[in-house]
Amino acid sequence: MNKRKRLLLLLGTVFLAVVLVGCGTSPITEQSTGIWDKYIVFNFSRIIIWLADLFGGSFGIGIIIFTLIIRLVLLPVMHHQTKSTQKMSEMQPQLKKLQEKYATKDPDTQNKLKEETSKLYAEAGVNPVAGCLPLIIQMPVLIAMYQAISRTEALKTGDFLWMNLGAPDPYFILAVLAAILTYATTKLSTMSQLESNPTTTAMMYMMPALILFMGITLPSALSLYWVVGNAFSVGQTLLLNNPFKIKKAREEKNKAERDRQRALEKALKPKKRRK
């Protein structure tokens with residue numbers, strides 16, 4: 001049920017993003033009203049322009065630096081989510097035992113299963129829906145970025161490399177890179193899990209496809225945001241939660257446990273008498 005809730009929450013958030021992207025089409029200025037337009041979208045636009053002026057006048061550079069700032073601000077949340085996901089992966093054997101113990105489908109047994117599962121999560125300090133938190137936080141940022149670009153004339157008509165930031169990438173290069181890096185981010189985060197998660201596996205392919213579609217159809221500035229943000233995530237994962245190191249440490253731990261068990265069994269065996 002938790003997996004289903006997480007998937008529904010994820011899909012609901014994506015749907016909300018698609019709906020909100022269409023909201024608000026008038027230009028953003030100092031005279032804009034409302035909390036969203038005046039204090040969020042307008043300030044996003046102003047910060048990107050200020051960063052661009054600070055670093056040579058390129059709006060593309062401004063978007064890159066702004067994206068890195070956002071990712072650094074979100075780093076503690078992302079790191080906590082990664083650790084929570086790792087803990088949940090390590091808890092899968094215990095969760096399976098509970099599911100086998102309370103396999104009967106009657107209401108009392110299922111309520112008992114929920115109680116024991118919640119208790120197990122609490123003892124491990126894990127929130128089962130924490131994996132969706134970074135997405136929920138990042139989605140308003142993405143929507144504000146889209147509206148800041150599409151509703152600010154200077155950003156909408158700005159150029160970066162071969163692209164007009166307010167129009168889709170004509171060669172789809174950034175869209176493809178964004179999709180590849182989205183896949184790499186999810187793949188690296190799941191490599192250290194003990195068991196495959198059907199929900200995570202589905203999203204590992206659904207999200208890159210969605211990013212590719214949006215990267216082809218939406219302004220290239222958003223693809224630039226996704227490329228930089230996901231490249232940051234790949235580096236963050238390799239630095240703070242390297243799956244190769246985690247798997248190696250787990251294998252060494254398992255080997256040490258097997259060696260200890262064999263040594264214990266050998267010590268308990270009666271020694272043969274010499275003839």
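Helices (H or I, at least four residues) and strands (E, at least two) are DSSP runs, numbered from the N terminus. The model is predicted, so local features need pLDDT of at least 70 and side-chain atom pairs count only at pLDDT 80 or more, while totals for chains, interfaces and linings use all residues. Residues are numbered from 1 along each chain as its sequence is written, and side-chain values use heavy atoms, without hydrogens and water.

Select W162 to begin. This residue sits in the loop between β1 (159-160) and β2 (163-164). W162 is partly exposed, at a relative accessible area of 35% (buried means under 20%, exposed over 50%, partly exposed in between; 1.4 Å probe, protein chains only).

Ring centres must lie within 6.5 Å; planes under 30 degrees apart count as stacked, over 60 as edge-to-face and the rest as tilted.

Select F44 and F66, an edge-to-face pair with 5.0 Å between centres and 75 degrees between planes. F44 belongs to helix α2 (residues 35-54) and F66 to helix α3 (residues 59-90), 22 residues apart. F44 is buried at 13% relative accessibility, and F66 is buried at 4%.

Finally, select Y183 and Y205. Their ring centres are 5.9 Å apart and the planes stand at 45 degrees, so this pair is tilted. Y183 lies in helix α8 (residues 173-191) and Y205 in helix α9 (residues 198-217), so the pair ties together parts 22 residues apart in sequence. Y183 is partly exposed at 30% relative accessibility, whereas Y205 is exposed at 51%.

Notes:
Phe/Tyr/Trp six-rings, centres within 6.5 Å; stacked < 30°, edge-to-face > 60°.
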